[in-house]
Amino acid sequence: ISSNMISLKVYGPMVEKWYGTKKFLFVYLASGIFSNLSTFLMNVSPLSIGASGAIYGLIGALNGFYRKNRAVLGNTAEEGLKEIRLDLIANATLGVFLKNIDHFGHLGGFFGGLLVSWVV
């Protein structure tokens with residue numbers, strides 16, 4: 001739970017800055033839905049709790065924003081994408097060693113956020 005709070009504190013303000021409050025909330029909620037659908041469709045676990053899928057969606061939306069705006073943002077976009085890659089690698093590595101991590105929920109949230117970022 002503390003990891004979710006830290007990640008939300010790091011990524012939330014960035015996504016809200018680039019998308020605005022209403023779109024931020026839409027991305028967050030839609031990512032949570034995508035996360036839960038992914039978990040349900042993969043039938044991995046009967047129960048998955050927490051906000052990590054929605055937070056991964058914020059990371060996916062930020063990834064989409066940087067990719068869409070590379071020409072305008074230049075080095076800022078490249079640095080942001082690099083940080084996202086490093087964070088995803090670190091979380092995936094940590095997830096290998098921890099039990100009860102909903103990897104499909106994380107993937108669903110990330111790709112849901114990425115998809116939503118192209119729509120909003």
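**Exercise 1.** Decide whether Asn4 is buried or exposed in this predicted model, and find what it touches.

*Solution.* Start with the accessibility: Asn4 has a relative accessible area of 19%. Buried means under 20%, so Asn4 is buried. Last, list its contacts, leaving aside neighbours within four places in sequence: Asn4 meets Gly50, Ala51, Ser52 and Ile55.

**Exercise 2.** Describe the surroundings of Gly60 and state how far Val15 is from it in sequence and in space.

*Solution.* Gly60 sits in helix H3. With a relative accessible area of 0%, Gly60 is buried. Leaving aside neighbours within four places in sequence, the contacts of Gly60 are Phe110, Gly113, Leu114 and Ser117. For the separation, Gly60 and Val15 are 45 residues apart in sequence, and their C-alpha atoms are 9.9 Å apart in space.

**Exercise 3.** Classify Leu115 by accessibility and give its C-alpha distance from Gly60.

*Solution.* Leu115 is a residue of helix H6. Its relative accessibility is 47%. Buried needs under 20% and exposed over 50%, so Leu115 counts as partly exposed. Leu115 and Gly60 are 55 residues apart in sequence, with 8.0 Å from C-alpha to C-alpha.

**Exercise 4.** Work out how H3 and H5 are oriented to each other, and which residues meet.

*Solution.* Two packed helices are described by the angle between their axes and the distance between the axes. For H3 (residues 52–68) and H5 (residues 75–97), the angle is about 150° and the axes are 9 Å apart. Angles over 145 degrees count as roughly antiparallel, so H3 is roughly antiparallel to H5. The crossing of the pair is left-handed. On the H3 side, the residues are Tyr56, Ile59, Leu62, Asn63, Tyr66 and Arg67; they meet Thr76, Ala77, Gly80, Leu81, Ile84, Asp87, Leu88 and Asn91 in H5. Sorted by class, this contact of H3 with H5 holds eight nonpolar, four polar and two charged residues.

**Exercise 5.** Find the orientation of H2 and H6 and the make-up of their contact.

*Solution.* Helix H2 (residues 21–42) packs with H6 at an angle of about 140°, with the axes 7 Å apart. H2 and H6 are therefore oblique to each other. The contact includes Phe26, Val27, Ala30 and Phe34 of H2, and Phe104, Gly105, Gly108 and Leu115 of H6. By class, the contact of H2 with H6 has eight nonpolar, nine polar and no charged residues. The crossing of H2 past H6 is right-handed.

Technical notes
Residues numbered from 1 in each chain as written. Predicted model: local features only at pLDDT ≥ 70, side-chain atom pairs only at ≥ 80, totals over all residues. Heavy atoms only, no water. Axes fitted to C-alpha atoms, helices over the stretch in contact; angles between N-to-C directions. Helix = DSSP H or I, 4+ residues; strand = E, 2+ residues; numbered from the N terminus. Parallel < 35°, antiparallel > 145°, perpendicular 65-115°, else oblique. Left-handed = near helix turned anticlockwise from the far one by under 90°. Contact = heavy atoms within 4.5 Å. Nonpolar A, V, L, I, M, F, W, Y, C, P; charged D, E, K, R; others polar. Buried < 20%, exposed > 50% of the residue type's maximum accessible area, 1.4 Å probe, protein only.
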